[in-house]
Number of protein chains: 2
Amino acid sequence: MKSFVLFACFAGALTCAVAAAQELPYRGQNLLAVPADYREWLFLTSSLDLNYNGAAENPSVLDNVFVNPEAYKAFTKTGTWPDKTIIVKENRIAASAGTISKNGKFQTQVVDMEMHVKDEGRFTGKWAFFMSSDGKSPGVLVPMSVNCYSCHGEHGAVDNTFVQFYPTLLDIAKNNGTLSGGYLKDTRALAGAGK
Amino acid sequence: MKSFVLFACFAGALTCAVAAAQELPYRGQNLLAVPADYREWLFLTSSLDLNYNGAAENPSVLDNVFVNPEAYKAFTKTGTWPDKTIIVKENRIAASAGTISKNGKFQTQVVDMEMHVKDEGRFTGKWAFFMSSDGKSPGVLVPMSVNCYSCHGEHGAVDNTFVQFYPTLLDIAKNNGTLSGGYLKDTRALAGAGK
């Protein structure tokens, strides 16, 4: 391993992070620890109050999505996610007052955290969600019966993930032909509705 | 250099990135190239339509702020920025329709980009802003007479930068006693106004 790290690190930070990649940090049957260094992973996007039911968010939330460097590096080459991918969605309060800023919203404390992991040998459907109630305590496995699984499976642009909201990855998926049939169907329907 | 990289990289990605840090990518007297790998730098925050004049943004913009790994590592140790810091603020369209999302805003294409660099030997006041009109072409130096310099100098929480909007760095600055007098004065005024 050391010799590989030695070799890899001459190529720079990302390759070095890949060499240092770890297994998924399970804590027993249904818990996943929050990765200690996820804020130093690759940033994918930040969104405000995204949801799929049209309800207003209370409190208003800005999320930050990060992925482990090894999975990011694989995606940039193949347009899809490798086994052992960890996507972290950190949800923070979107504050709009209390500073010199006179407009807009900015991020303050963490509300909670969603972790979406790919572990082909462990989960039916290969992917699982874990929810950390405070962004620090281990995430609890979300039951496979919850509709976030079916929604991600049916509408995620790439392999159960909403790459349609990750602007730097969407073109990579297009170029690699890895966009899902469900996403392409949604896109055609939305284009038709816009006519 | 190689021996340092070899040594540093055993500590993982961030240290390795530090070892691979580069000089500021000037292009002539008043131009700064957009760093090719800034999306793999350290993410600091994302905000929606922040401004200081109260005007509504058109188009609505979600920004992403990144800093070079060497500067980030130094800040985590000292609570302030070293020479040759590069802070990139990538501004993207905040879209609110055209997907299965029924609420909120998400990021699409880059509108433009602001780069804030610290170069003590080159600039009066040590810092300078460069604006890239499309996020790809080199940034153009913003004249020192523009009020963004005075505003950052008077209200930035740490050394001319708005660390008050970088939630993971603000506590580090507090713990290191590097918060600016101007920021502390603003905080007291806002607290008083809230009574």
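Biologist: What am I looking at, and which numbering applies?
Modeller: This is a predicted model, in which local features need pLDDT of at least 70, side-chain atom pairs count only at pLDDT 80 or more, and totals for chains, interfaces and linings use all residues. Residues are numbered from 1 along each chain as its sequence is written, chains are lettered from A and ligands numbered from 1 in the order in which they are written, and side-chain values use heavy atoms, with hydrogens and water left out.

Biologist: What does the model score?
Modeller: ipTM is 0.86 and pTM is 0.87.

Biologist: And chain A, what pLDDT does it average?
Modeller: The average for chain A is 87, with 83% of the residues at 70 or higher; pLDDT is the predictor's confidence in each residue, from 0 to 100. Residues 1-21 of chain A are below 50, and that stretch has 38 contacts beyond near neighbours in sequence. Contact means heavy atoms within 4.5 Å.

Biologist: Where is R39(B)?
Modeller: R39(B) lies in the loop between strand 1 (31-32) and strand 2 (42-51) of chain B. Strands (E, at least two residues) and helices (H or I, at least four) are DSSP runs, numbered from the N terminus.

Biologist: Is R39(B) buried or exposed?
Modeller: R39(B) counts as buried because its relative accessibility is 10%. Buried is under 20% relative accessible area, exposed over 50%, partly exposed in between (1.4 Å probe, protein chains only).

Biologist: What does its side chain reach?
Modeller: The R39(B) side chain reaches the backbone oxygen of F43(A) at 3.4 Å and that of L44(A) at 3.1 Å. Residues that R39(B) touches, beyond four places in sequence, include T168(A), E90(B) and R92(B).

Biologist: Switching to N91(A), where is that?
Modeller: N91(A) sits in strand 4 (residues 86-95) of chain A. With 4% relative accessibility, N91(A) counts as buried.

Biologist: Which residues does N91(A) contact?
Modeller: Leaving aside neighbours within four places in sequence, the contacts of N91(A) include V61(A), D63(A), V111(A) and E114(A).

Biologist: Last topic: how do helix 3 and helix 5 of chain B cross?
Modeller: The axes of helix 3 (residues 69-78) and helix 5 (residues 167-176) of chain B come within 8 Å and cross at roughly 45°. Axes are lines fitted to C-alpha atoms, for helices over the stretch in contact, and angles run from 0 to 180 degrees between N-to-C directions.

Biologist: Which residues make the contact?
Modeller: Among them are Y72(B) and F75(B) of helix 3 and L169(B) and I172(B) of helix 5.

How values were computed. Polar contact = N/O pair within 3.5 Å; in protein donor to acceptor, adjacent residues only side chain to side chain.
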